[in-house]
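Thanks for making time, everyone. Please look over the structure on the screen, and then I'll walk you through it.

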Amino acid sequence: MPWYVIYTKPRNEKKVADRLKQIGIDVYCPMITMVKQWSDRKKKVEIPLLNSYVFVNLNEKDRELVFQVSGVVRYLFWLGKPAVVRGEEIDALQDGLKETISSFEVSAIKIGDMLPIPTGPFQGKEGIIKQINKNSLQLILKELGVLITLTKEVT
């Protein structure tokens, strides 16, 4: 069965994934753990890797079932057809998320440079550097059409 990409309402990825599981649909919502800083504390929180996207594994004839769940907006389309993600790519994403990136160092790079990603869920991809901050780096992954932010863990 193919994996399809569902677009969800903002900040509804985990809820949609849970609701889809409850009705018996095979679903994958890639999550990462990150440290959030508040004025009085730091806390580890789990957030979706891809904002507003959830992957579902089902037959084409069953595609309408996902709309029974609140929070689902639509399927992601590519060239006029529902976007299909190969199982190997989902497996690679799951394997990549098992690893944790504890830190990275920014040196001798500038905005507009191509930067290969050596580890993690986007391993083997290249991104164009959009922004460089003190503790973070924004990359545009053109082939996936996403902007990712790599954050240096502050201890």
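**From a loop into the fold**

Let's start at N12, which lies in the loop between β1 and α1. A quick word on those labels: helices (H or I, at least four residues) and strands (E, at least two) are DSSP runs, numbered from the N terminus. This is a predicted model, where local features need pLDDT of at least 70 and side-chain atom pairs count only at pLDDT 80 or more, while totals for chains, interfaces and linings use all residues. Residues are numbered from 1 along each chain as its sequence is written, and side-chain values use heavy atoms, with hydrogens and water left out.

Back to N12. Is N12 buried or exposed? N12 is buried, at a relative accessible area of 15%. Buried means under 20% relative accessible area, exposed means over 50%, and partly exposed is in between (1.4 Å probe, protein chains only). N12 and S70 are 58 residues apart in sequence, yet 9.2 Å apart in space, C-alpha to C-alpha.

**The whole chain**

Now step back. The chain has 155 residues, and 33% of them count as buried. It holds 2 helices and 13 strands. Along its principal axes, the C-alpha trace spans about 50 × 40 × 25 Å. Next, contacts, meaning heavy atoms within 4.5 Å. Take those between residues at least 6 apart in sequence: 51% join residues at least 24 apart.

**Helix α1**

Helix α1 covers residues 13–22, and its buried residues are E13, V16, A17 and L20. Those four sit on the same side of α1, because they cover an arc of only 100° around the axis. The arc is that of the directions from the helix axis to the C-beta atoms.

What do the buried residues of α1 pack against? Five strands: β1 (3–8), β2 (26–28), β4 (42–48), β5 (53–57) and β6 (72–75). After α1 comes G24, with a positive phi, near 90°.

**Two cores**

On to the nonpolar cores. A nonpolar core is a set of buried Ala, Val, Leu, Ile, Met, Phe, Trp, Tyr and Cys residues joined through side-chain atoms within 4.5 Å. The largest has 18 residues, and F55, F122 and I148 have the most contacts inside it. Which elements give two or more residues to this core? They are β1, α2 (87–98), β12 (136–141) and β13 (146–151). β12 gives the most, with 3 residues.

Now zoom in on F122. Leave aside its neighbours within four places in sequence, and F122 is in contact with L49, L50, I117, L141, L144 and I148. Apart from this core lies another, of 16 residues, among them A17, C29, V69 and V72.

**Strands and sheets**

Strands next. Two strands pair if DSSP finds at least two bridges between them. Strand β3 (residues 31–37) runs antiparallel to β4, and 7 bridges join them. One of those pairings puts T33 with E46 in β4. The hairpin that joins β3 to β4 passes through 4 residues.

Then there is an open sheet of 4 strands, in the order β10-β11-β12-β13, with antiparallel pairing. β10 (114–116) and β13 stand at the edges, each with a single partner strand, so one side of each is left without a neighbour in the sheet. The twist averages 40° from one strand to the next. For that angle, axes are lines fitted to C-alpha atoms, for helices over the stretch in contact, and angles run from 0 to 180 degrees between N-to-C directions. β10 and strand β11 (residues 126–132) pair over 3 bridges, in the antiparallel sense. L115 stands opposite G127 in β11.

**Salt bridges**

Last topic. A salt bridge is a side-chain nitrogen of Lys or Arg within 4 Å of a carboxyl oxygen of Asp or Glu. How many salt bridges does the structure hold? It holds 5.

R41 and D40 meet in one, at 3.0 Å, N to O. R41 is partly exposed, at 41% relative accessible area, and D40 is exposed, at 59%. D62 forms a salt bridge with K61, with the closest N and O atoms 3.8 Å apart. D62 is partly exposed at 24%, whereas K61 is exposed at 70%.

R86 forms a salt bridge with E89, where the closest N and O atoms are also 3.8 Å apart. Salt bridges that share partners join R86, E88 and E89 into one network.
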